[in-house]
Structure formats: structure tokens, C-alpha cells
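Here's a quick briefing to read alongside the model. Have the sequence and the 3D view open as you go.

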Amino acid sequence: MTDSTQFKSRDHVITPAFAPRSVAFTYRGAISDAGIKALCEQISLAIDLYQPKHLAVQLDSPGGSARALDYWLHRIGFWEKKGVKIETMADTECASAAALMVAFGAVGRRFAHPLSRLHFHNPRL
């Protein structure tokens, strides 16, 4: 049995899916500070409740905030210290910050569908 509830905002949708020994999240929309903070809070809650060894994050995003990406990288380091590997998957399109989120997933646990588009660029800071 899978428990799934959507968390919607003006610019993003987070859909968690909890099943025995399996935790997965789908993030759709722009990578924003509020969106990544909400995703990270949901992931931290899932880690505390289910104590998985790895969890999956599926992304479909046109990109977004570099500050949100920095926060995501900080949280990944924290979760890895707890022994949790973050599996990342590109859905239809991942550009800019979203493509980097996929690239920074755990080694051997980064995926893209055959028709997914990943767009990388050199951001101006």
C-alpha cells in the first residue's frame, strides 16, 4: 500500500510516496527557495519516520534559484552523514538548477528516461 499526498504551491508540486522500505518524491515546477525548503522538510520527515537507506527524488523542472540549489547540496551532505543515499531521476525536462540536482545524486543512483532532456549552462553569479 502506498500513501501519497500532493503538496501544491503557486510554482511547484511535491508528491511524496511512502511504501514499505521505499520512499519517493516527485518535484514538478521551478526550483525556488520555498519549494526546495518544503521538499527538504518532507525528505527529513520521511528519513526520521521510515529510516530508509536510500530514497528517490524525481524531478521535472525548468530550473530556478542558485540559492535553492546551494541549500539542496547542504541538505544532501547532511543526509549522507546519516547514511541515506539520494537517488535522483530526470523526468521530462531538467534544466539549470534541476539538472545539477540530478547530477549531484548518489553515485550509481542518477537516472534519466531515454527521452529526458537535461540542459546545463554556465550561470552568471
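Is serine 96 buried or exposed? Serine 96 is buried, at a relative accessible area of 18%, where buried means under 20%, exposed over 50% and partly exposed in between, using a 1.4 Å probe and protein chains only. Bear in mind that this is a predicted model, where local features need pLDDT of at least 70, side-chain atom pairs count only at pLDDT 80 or more, and totals for chains, interfaces and linings use all residues. Residues are numbered from 1 along each chain as its sequence is written, and side-chain values use heavy atoms, with hydrogens and water left out.

**Strands and crossover**

- Helices (H or I, at least four residues) and strands (E, at least two) are DSSP runs, numbered from the N terminus.
- Strand β3 (residues 12-19) pairs with strand β4 (residues 22-29) in the antiparallel sense, over eight bridges; pairing takes at least two DSSP bridges between the strands.
- Within that pairing, proline 16 has phenylalanine 25 in β4 as its bridge partner.
- The β3 and β4 hairpin has two residues between its strands, and arginine 21 there takes a positive phi near 60 degrees.
- On to β5 (residues 54-61): this strand runs parallel to β4, joined by five bridges, with alanine 24 opposite alanine 56 in β5.
- β4, helix α1 (residues 33-50) and β5 form a right-handed β-α-β unit; right-handed means that, with the strands pointing away from the viewer, the path from the first strand over the helix to the second runs clockwise.

**Positive phi in the loops**

- Serine 96 isn't a glycine, yet its phi is positive, at about 55 degrees; look for serine 96 in the loop between β6 (85-95) and α3 (97-103).
- Glutamine 51, also not a glycine, has a positive phi near 50 degrees. Glutamine 51 sits in the loop between α1 and β5, and at 64% relative accessibility it counts as exposed.

**Cysteines and aromatics**

- A whole-structure search for disulfides (cysteine sulfur atoms within 2.5 Å) comes back with zero. Cysteine 40 is in no disulfide, and its nearest cysteine sulfur, on cysteine 94, is 16 Å away.
- Cysteine 40 is buried at 1% relative accessibility, and cysteine 94 is buried at 0%.
- There's one aromatic pair in the whole structure. The rings of tryptophan 72 and tryptophan 79 have centres 5.8 Å apart and planes at 75 degrees, so they're edge-to-face.
- For the cut-offs, rings of Phe, Tyr and Trp (its six-membered ring) pair with centres within 6.5 Å; planes under 30 degrees apart are stacked, over 60 edge-to-face, and the rest tilted.
- Tryptophan 72 is buried at 0% relative accessible area, and tryptophan 79 is buried at 1%.

**Salt bridges**

- The whole structure has six salt bridges, each a side-chain nitrogen of Lys or Arg within 4 Å of a carboxyl oxygen of Asp or Glu.
- One of them joins aspartate 48 and lysine 82 at 3.3 Å, N to O. Aspartate 48 is in helix α1 and lysine 82 in the loop between α2 (66-81) and β6, 34 residues apart.
- Arginine 109 and glutamate 87 make another, with their closest N and O atoms 3.2 Å apart. Glutamate 87 is buried at 14%, whereas arginine 109 is partly exposed at 29%.
- Arginine 117 bridges to glutamate 93, with the closest N and O atoms 4.0 Å apart. Arginine 117 is in strand β8 (residues 117-119) and glutamate 93 in strand β6, so the pair ties together parts 24 residues apart in sequence.
- Salt bridges with shared partners also join Arg28, Asp60 and Asp91 into one network.
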